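Subject: The structure I promised you

Hi,

Here is the structure to look through when you have a moment. Open it alongside this email, and I'll go through what turned up.

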Amino acid sequence: MSHTASRTQQVIFLLLFMVFLFWGTANSNNQGVTRMRKIEGSVWYRERMLPPPDAKVIVTLEDVARMDVSSELIAVTSFDLQGGPPWAFALEYDPAKIHEKGRYALRARIEANGRLIFTSTEHIPAFGRTPDQPVKIMVSQVSGTNSEGRSSPQKPNASLTNTYWKLTELNGEPALLGAGQRELHMILNTEGNRVKGFSGCNRFTGTYKVEEDHMQFLQMASTNMACMDGMEQEQRFLSALEGTTGFKISGDSLSLHGTDGQLLLRFEAVYLK
């Protein structure tokens, strides 16, 4: 074989190698782009009102399988609102983050200038629908906001202490009634900084510490009854109380937050007659 022929073969081999290398790189990049999947749906509310001009909707995909900890955020999308409901959304997520043992839900909220004015209150499964079943997430107006999405300034804040606080929201989901159809609640007494209440099956007691907007529950204890209903929610409720580091009162609403600022519990003041 001549030197020229050998040189030609080397050039051809090098060109083929570069073509295959380029094809492999491009294919790998394409896989990185197409591996993302999408959930499409819409957000709406029943109120006959337009959202304020600075409002935006936020939709999240979360793993809510673990009851004793805050849900794990998988994906989030947000956009400014224009016109009235419904508002379509497309939420992209990485399927590699979806596991067989997970329990995945969609949540939506509407904020105006960083202020929560609407939020979803029902469990919306993220998967398991047929393609012809679009996801529709209804959000409800948050108590204490008016038709323009602004806080009602005329209503004074409820007192943190000596108030019957009824649990309405637990880890982003509506609170259910406990055993005997009793509502979960707590009362913070000023005498001895004691807290007491009903957690779903058992009565609980303990102490609390408040410094400005910081709060901590200490020395928590409860009775030792077993119930057919309410035990799972009770565990989540007590765990959330123990994880509380901050609080905020707005009108008749009390919210408790964790170290990362995430909402753990929401209560409503009930004025007993």
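This is a predicted model: local features need pLDDT of at least 70, side-chain atom pairs count only at pLDDT 80 or more; totals for chains, interfaces and linings use all residues.

Residues are numbered from 1 along each chain as its sequence is written, and side-chain values use heavy atoms, with hydrogens and water left out.

**The overall picture**

The protein chain has 2 helices and 17 strands. Both kinds of element are DSSP runs numbered from the N terminus: helices are H or I with at least four residues, strands are E with at least two. Of the 273 residues in the chain, 37% are buried (buried means under 20% relative accessible area, exposed over 50%, and partly exposed in between, with a 1.4 Å probe and protein chains only). Take the contacts (heavy atoms within 4.5 Å) between residues at least 6 apart in sequence: 56% of them join residues at least 24 apart.

**Salt bridges**

Side chains of opposite charge can pair when their charged atoms come close. A salt bridge is counted when a side-chain nitrogen of Lys or Arg is within 4 Å of a carboxyl oxygen of Asp or Glu. By this rule there are 7 salt bridges.

Which residue does Arg-107 pair with at 2.4 Å? That partner is Glu-62, with 2.4 Å between the closest N and O atoms. The two come from distant parts of the chain, with Arg-107 in strand S5 (residues 104-112) and Glu-62 in strand S2 (residues 55-63), 45 residues apart. Arg-107 is buried, at a relative accessible area of 13%, and Glu-62 is buried too, at 10%.

Arg-107 also forms a salt bridge with Glu-173, at 3.5 Å from N to O. This one again links distant parts of the chain, 66 residues apart, with Glu-173 sitting in strand S10 (residues 173-174) and Arg-107 in strand S5. Glu-173 counts as buried because its relative accessible area is 18%. Put together with Arg-236, the residues Glu-62, Arg-107 and Glu-173 are linked in a network of salt bridges.

Another salt bridge joins Glu-111 and Arg-109, at 2.9 Å from N to O. Is each of these buried or partly exposed? Glu-111 is buried, with a relative accessible area of 17%, whereas Arg-109 is partly exposed, at 31%.

**Empty space**

Rolling a probe the size of a water molecule over the atoms shows where empty space is left. The search runs on a 1 Å grid over the protein atoms alone: a cavity is a set of points where a 1.4 Å probe fits but cannot get out, a pocket is an open set with protein on both sides within 12 Å along at least five of seven lines, and lining residues have an atom within 4 Å of a point. Grid points are joined across faces, edges and corners, and a volume is the space filled by probe spheres set on the points.

The second largest pocket holds about 250 Å³ of space. It has 11 lining residues, and the closest to its centre are Glu-173, Leu-176, Glu-232, Gln-233 and Arg-236.

As for cavities, 2 of 30 Å³ or more turn up in the whole structure.
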